[in-house]
Amino acid sequence: MVGVEGSVYLGIDVLEADRFSVLKGKRVGLLTHPAGVNRKGVSTIDVLKDQRSFKLVALFGPEHGIYGNEKANQPIDNKIDKKTGLPVYSLYGKYRKPQPQMLEGIDTMVIDLQDIGVRSYTYISCMRYAMEACFENDIEVIILDRPNPLGGEKVDGPSLDPEWKSYVGAFEIPYIHGLTIGECAILSKQIPGWLSIDPKFQKRGILKIIPMKGWNRKMLWPSTQLKWVPTSPYIPSFASVLGYAMTGLGAQEGSFSHGIGSPYPFRLLSNKHLTAIQLKRALESLPLGGHDFKVVKTTHKNGTPIEGVYVGVSNWEKLRPTALSFYMMALSIKLEPRNPFRQTERSELFNKHVGSTEWWDALTQSSTRTSERDVAYFLEKWDRENAQFKKMVQPYFIYR
């Protein structure tokens, strides 16, 4: 099937069209969340729960839970799902990795999670830990593949240094990685070190991918004509996916805010030292490609009027999504009386997200103040490294 707009069939659609043949006679666990739906918007839980050729026996939930109503960074308890009567095991509570007792009576773990194509989003981490537990307990893993909403061609930003590997950075990949969740799973299975388990379990673990039909690497989310289901409270739309890629790192520290609580999460920038007009001029002076900026007045969800600069995308081909974040960091240093990155108490979390020790050293060294020239050096360096990454992962692509 050719990847024409509107012709995308998700992994769950392909599984259903094949009459669930790979699940026949099996006891199934399902790891999913609200964005785990078929192309008609029906929950994967509902698609699987009443099938007779296999038995859905347990549900597993990532951050925000299976219904997306849990707050970020808040532990979630195990419970019984009132809708299905099935046990729901939280993988964002006491345990991040499924425990053997959670996996008892399960032959196959089906994973249907919508990722956003950005390394510091926790769903690929959740997938990784589930794969590790299943491989260690001789349980088959089936990934229902979904689009990377940022497409499969754009790779951007720093790779993760091994020392910063964490739940907000499970793989040593660029910040914008260009992979579907199924391709991430294949790489995890095939490349030594991507999973933190005994290599014998990684080698003998059974992994199956149910690919999409009709998706190709050039497709951003709007080209799929699929409805976006919020993947987390601050990612209610594809616009916020783009925003997270562009500004998510830049407002973690320093003097910037990126519109959380406004109608434009991750798209509406403000700076405590500048008016909106001054900020717009400062952003327009940066050596960025593919952006446009406009001053917007709106209202915070608490009723407070706010004014900021909306970050637009004028040319996707020219855009380096993460570049803006790193220029925001350099601008914060210029505007603050003291380097905010040297003062921060959250440096570990910052580095887990950004992933580059070399960049952190450039931000915090006492003898210099990071400049636009420094940012350009790092962007060019990461571009070279990302070209090598693309060559390395291409043999594992499902979609070409």
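**Burial, pairing and cysteines in a predicted model**

Colleague: What makes helix H4 (residues 181-190) largely enclosed by the rest of the structure?

Modeller: In this predicted model, 9 of the 10 residues of helix H4 are buried, so the helix is largely enclosed by the rest of the structure. The buried residues are Ile-181, Gly-182, Glu-183, Cys-184, Ala-185, Ile-186, Leu-187, Ser-188 and Lys-189, and what covers them includes helix H3 (123-136), strand E6 (140-144), helix H5 (199-204), strand E9 (207-210) and helix H13 (372-393).

Colleague: Why is Cys-184 called buried?

Modeller: Buried means under 20% relative accessible area, and Cys-184 has 0% relative accessibility, so Cys-184 counts as buried. Cys-134, also at 0%, counts as buried by that cut-off.

Colleague: How do you know that Cys-184 is too far from the closest cysteine sulfur for a bond?

Modeller: A disulfide needs two cysteine sulfur atoms within 2.5 Å, whereas the sulfur of Cys-184 is 13 Å from the closest one, in Cys-126, and is therefore too far for a bond. For Cys-134 the closest cysteine sulfur, in Cys-126, is 11 Å away, which is again too far. By this rule the count comes to 0 disulfides.

Colleague: What makes strands E11 (residues 268-271) and E13 (residues 305-313) a pair?

Modeller: Pairing requires at least two bridges between the strands, and 2 bridges join E11 to E13, which run antiparallel, with Leu-269 standing opposite Val-309 in E13. Strand E12 (residues 291-299) and E13 also pair in the antiparallel sense, over 9 bridges, and there Thr-298 stands opposite Ile-306. The hairpin of E12 and E13 has 5 residues between the strands, and in it Gly-303 takes a positive phi near 95°.

Conventions:
Residues are numbered from 1 along each chain as its sequence is written. This is a predicted model: local features need pLDDT of at least 70, side-chain atom pairs count only at pLDDT 80 or more; totals for chains, interfaces and linings use all residues. Side-chain values use heavy atoms; hydrogens and water are left out. Helices (H or I, at least four residues) and strands (E, at least two) are DSSP runs, numbered from the N terminus. Buried means under 20% relative accessible area, exposed over 50%, partly exposed in between (1.4 Å probe, protein chains only). Contact means heavy atoms within 4.5 Å.
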